[in-house]
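Here's a quick briefing to read with the model open beside you.

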Protein chains: 2
Amino acid sequence: MPQQITILGLNKIGASLGLALGTLEPQALPGGRPVITGWDRDRRVLSEARGRLAIDRAARDAADAVRDADVVFACVPLAELAELFTSIAPHLRHGAVVADTGAAKAPVIELARQHLPTSVSFVGSHPILEQPDGSVQDARLDLFRDAIICLVPGVAARPDALEVLAALVRAIGAKPYYIDAAEHDAYIAGVEQLPLLLSVGLMETLRRSGGWREMQALAGARLRDVTLPLLGDPARGSAACADNSAALRQRLDALIGVLIELRDQLDRREALETVFDTAHALHARWLETRPHMRPGEEDFLGPPIEPVSPLRGMFFGQRRRKPDDPGARRR
Amino acid sequence: MPQQITILGLNKIGASLGLALGTLEPQALPGGRPVITGWDRDRRVLSEARGRLAIDRAARDAADAVRDADVVFACVPLAELAELFTSIAPHLRHGAVVADTGAAKAPVIELARQHLPTSVSFVGSHPILEQPDGSVQDARLDLFRDAIICLVPGVAARPDALEVLAALVRAIGAKPYYIDAAEHDAYIAGVEQLPLLLSVGLMETLRRSGGWREMQALAGARLRDVTLPLLGDPARGSAACADNSAALRQRLDALIGVLIELRDQLDRREALETVFDTAHALHARWLETRPHMRPGEEDFLGPPIEPVSPLRGMFFGQRRRKPDDPGARRR
């Protein structure tokens, strides 16, 4: 029997999931090619997804969509999940696996615990993508090729539910990465929301400073680079920060502590240079890591480096690498 | 009589100045094409500059270099300026104009006051360049074409000294921008050193967090963009921060204040979104400004914007612009 897979919310991730799962070879999954049912509250999006063959069948509502589903992917913003879970809860099959695809895991696991029946298993999933935001028009068959997809089991998830999802992840060419919700949220807060919040905080600081009008003429690559996250959508950005606020607050506290230390080191040239050297070396090492490797996989990294000044010569070549250098593999 | 111009320190800026000034048409300056004397404490750099025709004459030491000079450009790091000023002070002609080319102006004006005789005029200069760092090999004839060059008179500078420098600035196709030292340093701290220090602080925060090894695998474009300043040289970066520490400390205090406010808004979705909207709108407006325009010049900007949420629709098109979009003029 082919798996019945339902996708609720046909944004870029939802529609790409449909494309990837719906075009699998029959031998990719034990039950053969799965059958994809889709739903979106925007009828035009739903019909566009159908036209693009991202789904086999368009359901008339969320309840109808999940009735026969073995696996349900809920691809909607966190702020809409409680309502969606509530509306599908009475209609889910016993033993169904429900997953989300958002970037914050502890809050969604709590929502699942509150709003989904214990007869289903919830597994949080988070595909690590260069550009996760977008609409059905941005969907791509190979969006998940080689991508890490974090999998976080919900509080009442049966062990085999995790394996059901992991099999789908592998089938579409992605890599499952099992991780705890709190760790996941802390890591993502550090590498996604904290840099974004810094860009926003920097612009807000300059806006308040009184000289912004003059500063604009003197600002160049430095400010432009650090504020690149502001080219994204502000509503999505602020929502991502609010969704992961608990983990982000801890990171932000740590950063504020570091900035206060740096403030006191501004006049101590040697101490300041050591901090810069360490940051540059760490950064260069990161740019050297192989893309799409899960932590620990195939020695993707050497041992962690220590903060020492004499590293300068050692990392000189890496540090000077320009972002458009083909050798900078993560670009 | 052609002007005698001396360049001390033949790094990228010094050698480019030599190239630009030494290839002027005779009618570009009242005295005709100036004569360029160069000196660098590295003999190989000096001979390379001579070979590239960046200078007409290579001086054997700094004292020899400045003896006949009408204008002296000191293109060395701030940390070396006191020693250089002391060594040339007894040999400067009465009425000579001395300039530097660094990014911090209040400290250099103080050094000039301490170490240069009152018989000469010091004028701080700071060319606003996309990539100011580099060696004699990176020198370019057109490095200053259309660039803003900030000019800040020293405490004892004669009024005509400022005009002497401004004439040279115009002759090489750049734009003089007269500005107060404290304002200059505050603006540059905001748009240059503060973003850099943020990148360093962010990496240091992630390094200390304990999960860096795992985070590296999950980090992508967001972290990469915000840490782009770390591709530069750490010694230069930390020196730039230390050079401008007084102004930078004020900016950093302001930023820390903003981050503490943001921290308390993480759970208030609407307030957070307003801050994001404002930052995005301000950023989009900045990217729209015409390059190489001095503040106030040719209405390069409209009136300052107010922090309001309804701006979202208005700026939607700009905000979505990608950095490699040719419409993003400041890229």
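E48(B) comes out as partly exposed, at 27% relative accessibility, and its side chain meets that of R52(B) in a salt bridge, 2.7 Å from N to O. Keep in mind throughout that this is a predicted model. The notes below start with charged pairs, then turn to a helix, a serine and the cysteines.

**Salt bridges**

- R52(B), the partner of E48(B), is likewise partly exposed, with 35% relative accessibility.
- Elsewhere, E204(A), R207(A), R208(A) and E261(B) are tied into one network by salt bridges that share partners.
- How many salt bridges are there over all chains? The count comes to 42.
- One of them pairs R224(A) with E130(B), and the closest N and O atoms there are 2.9 Å apart.
- That pair crosses between chains: R224(A) sits in helix 9 (residues 221-226) of chain A, while E130(B) is in the loop between strand 6 (121-127) and strand 7 (148-153) of chain B.
- R224(A) is buried, at a relative accessible area of 8%.
- Another salt bridge links D243(B) to R269(A), with 2.7 Å between the closest N and O atoms.
- Because D243(B) lies in helix 10 (residues 234-243) of chain B and R269(A) in helix 12 (residues 269-288) of chain A, this pair also joins two chains.
- Is D243(B) buried or exposed? D243(B) is buried, with a relative accessible area of 16%, whereas R269(A) counts as partly exposed at 36%.
- As background, side chains of opposite charge can pair when their charged atoms come close.

**Helix 2 of chain A**

- Which residues are buried in helix 2 (residues 43-51) of chain A? They include V45(A), L46(A) and A49(A).
- These three cover an arc of only 100° around the axis, so they end up on the same side of helix 2 of chain A.
- Turned away from that buried side is a face with the exposed residues R43(A), R44(A), S47(A) and G51(A).
- Among the elements covering the buried residues of helix 2 of chain A are strand 2 (35-39) and strand 3 (57-58) of chain A.
- At the start of helix 2 of chain A, D42(A) brings a side-chain oxygen to within 2.9 Å of the backbone nitrogen of R44(A).
- After helix 2 of chain A comes L53(A), which has a positive phi, near 65°.

**S238(A) in helix 10**

- S238(A) belongs to helix 10 (residues 234-243) of chain A, and with 2% relative accessibility S238(A) counts as buried.
- A polar atom of the S238(A) side chain lies 3.3 Å from the backbone oxygen of A235(A).
- What does S238(A) touch, leaving aside its neighbours within four places in sequence? S238(A) is in contact with L272(B), E273(B) and F276(B).

**Cysteines**

- Searching the whole structure turns up zero disulfides over all chains.
- In chain B, C75(B) is in no disulfide either, and the nearest cysteine sulfur, that of C150(B), is 15 Å away.
- C75(A) is buried, with a relative accessible area of 3%, and C75(B) is buried too, at 3%.

Key
Residues numbered from 1 in each chain as written. Chains lettered and ligands numbered in written order. Predicted model: local features only at pLDDT ≥ 70, side-chain atom pairs only at ≥ 80, totals over all residues. Heavy atoms only, no water. Buried < 20%, exposed > 50% of the residue type's maximum accessible area, 1.4 Å probe, protein only. Helix = DSSP H or I, 4+ residues; strand = E, 2+ residues; numbered from the N terminus. Arc of directions from axis to C-beta. Contact = heavy atoms within 4.5 Å. Polar contact = N/O pair within 3.5 Å; in protein donor to acceptor, adjacent residues only side chain to side chain. Disulfide = S-S within 2.5 Å. Salt bridge = Lys/Arg side-chain N within 4 Å of Asp/Glu carboxyl O.
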